[in-house]
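Colleague: I have a few quick things to ask about this model. Could you take me through them once it is on the screen?

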Amino acid sequence: MREIGTLEIENSEFISNFDVFGNLEKVRMISLRQTNLKNLDVFDNVIAIETLRIAFNKNLESAIWINPMNIKELTIQGNESLTTLNLPNILEVDEDIYIGNNPNLSFLQGFEKLARVGTNFNITNSGITDYCTLQNYAKNALGEGKEITISGNPYNPTAKKIAEGQCKL
């Protein structure tokens, strides 16, 4: 199986092996909600995706997506064990990015190549203090008259502060 439309895995906390999805290359949407995944390594071969939603996975510690991404929507929400979020090749998001309520996530990694977010970019996390990976995007956002909505963190800078290098506490 190399290509599917939608992959929704929900309430599957008792499934520990997702290797059957290891050959996927193209997926319209991946939604992982309340799974037992500890990382996203099983999806390393996915090179085309429109929507990625990762929510309420209590054991997820690492969300690293190494392949280039031009996607429609990105949601990383309510993953209580998540400490690493690294998307080094995310280039554009047509609509929204929402990163919220991941209490152990203290900094973002790999957003250096992000050039554009179509509508909203929201970061609501109790632990994030370092946004330096967003400097290039923040400069582009200001040029387009957009803001990054950041709230509920120990440090909540504006896009202007991030662009000017005042990006961490």
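Modeller: Gladly, and let me begin with a term, since a residue is called buried when its relative accessible area is under 20% and exposed when that area is over 50%, with partly exposed in between. Please also keep in mind that this is a predicted model.

Colleague: Fine. Is Asn67 buried or exposed, then?

Modeller: Asn67 has a relative accessible area of 14%, and because the limit for buried is under 20%, Asn67 counts as buried.

Colleague: And where does Asn67 lie?

Modeller: Asn67 sits in the loop that runs between strand E4 (62-64) and strand E5 (69-77).

Colleague: What does the side chain of Asn67 reach?

Modeller: The side chain reaches the backbone oxygen of Asp44 at 2.5 Å, and a polar atom of the Asn67 side chain also lies 2.8 Å from the backbone oxygen of Val46. If we set aside neighbours within four places in sequence, Asn67 is in contact with Asp44, Asn45, Val46, Ile47 and Asn89.

Colleague: Switching to aromatics, how many pairs are there?

Modeller: With ring centres required to lie within 6.5 Å, the count comes to three aromatic pairs. In one of them, Phe43 and Trp65, the ring centres are 6.3 Å apart and the planes are at 10°, so this pair is stacked.

Colleague: Which parts does that pair tie together?

Modeller: Phe43 lies in the loop between strand E2 (26-35) and strand E3 (48-55), whereas Trp65 lies in the loop between E4 and E5, so the pair ties together parts that are 22 residues apart in sequence. Both Phe43 and Trp65 are buried.

Colleague: What about Phe121 and Tyr137, why is that pair tilted?

Modeller: Their ring centres are 5.4 Å apart with the planes at 45°, so the pair is tilted. Phe121 belongs to strand E9 (residues 121-124) and Tyr137 to helix H1 (residues 135-143), so parts that are 16 residues apart in sequence are tied together. Phe121 counts as buried at 1% relative accessibility, and Tyr137 counts as buried at 2%.

Colleague: Last topic, the largest nonpolar core: which residues touch the most other members?

Modeller: That core has 50 residues, and Ile30, Phe43, Trp65 and Leu108 touch the most other members. The elements that give two or more residues to this core include strand E1 (3-12), strand E7 (90-100) and helix H2 (159-163).

Colleague: And what does Trp65 touch?

Modeller: Not counting residues up to four places away in sequence, Trp65 touches Ile30, Leu40, Phe43, Val46, Ile49, Leu52, Asn86, Leu87 and Pro88.

Definitions and conventions
Residues are numbered from 1 along each chain as its sequence is written. This is a predicted model: local features need pLDDT of at least 70, side-chain atom pairs count only at pLDDT 80 or more; totals for chains, interfaces and linings use all residues. Side-chain values use heavy atoms; hydrogens and water are left out. Helices (H or I, at least four residues) and strands (E, at least two) are DSSP runs, numbered from the N terminus. Buried means under 20% relative accessible area, exposed over 50%, partly exposed in between (1.4 Å probe, protein chains only). A polar contact is a pair of N or O atoms within 3.5 Å; within protein, one must be able to donate a hydrogen and the other to accept it, and residues adjacent in sequence count only if both atoms are side-chain atoms. Contact means heavy atoms within 4.5 Å. Rings of Phe, Tyr and Trp (its six-membered ring) pair if their centres lie within 6.5 Å; planes under 30 degrees apart count as stacked, over 60 as edge-to-face and the rest as tilted. A nonpolar core is a set of buried Ala, Val, Leu, Ile, Met, Phe, Trp, Tyr and Cys residues joined through side-chain atoms within 4.5 Å.
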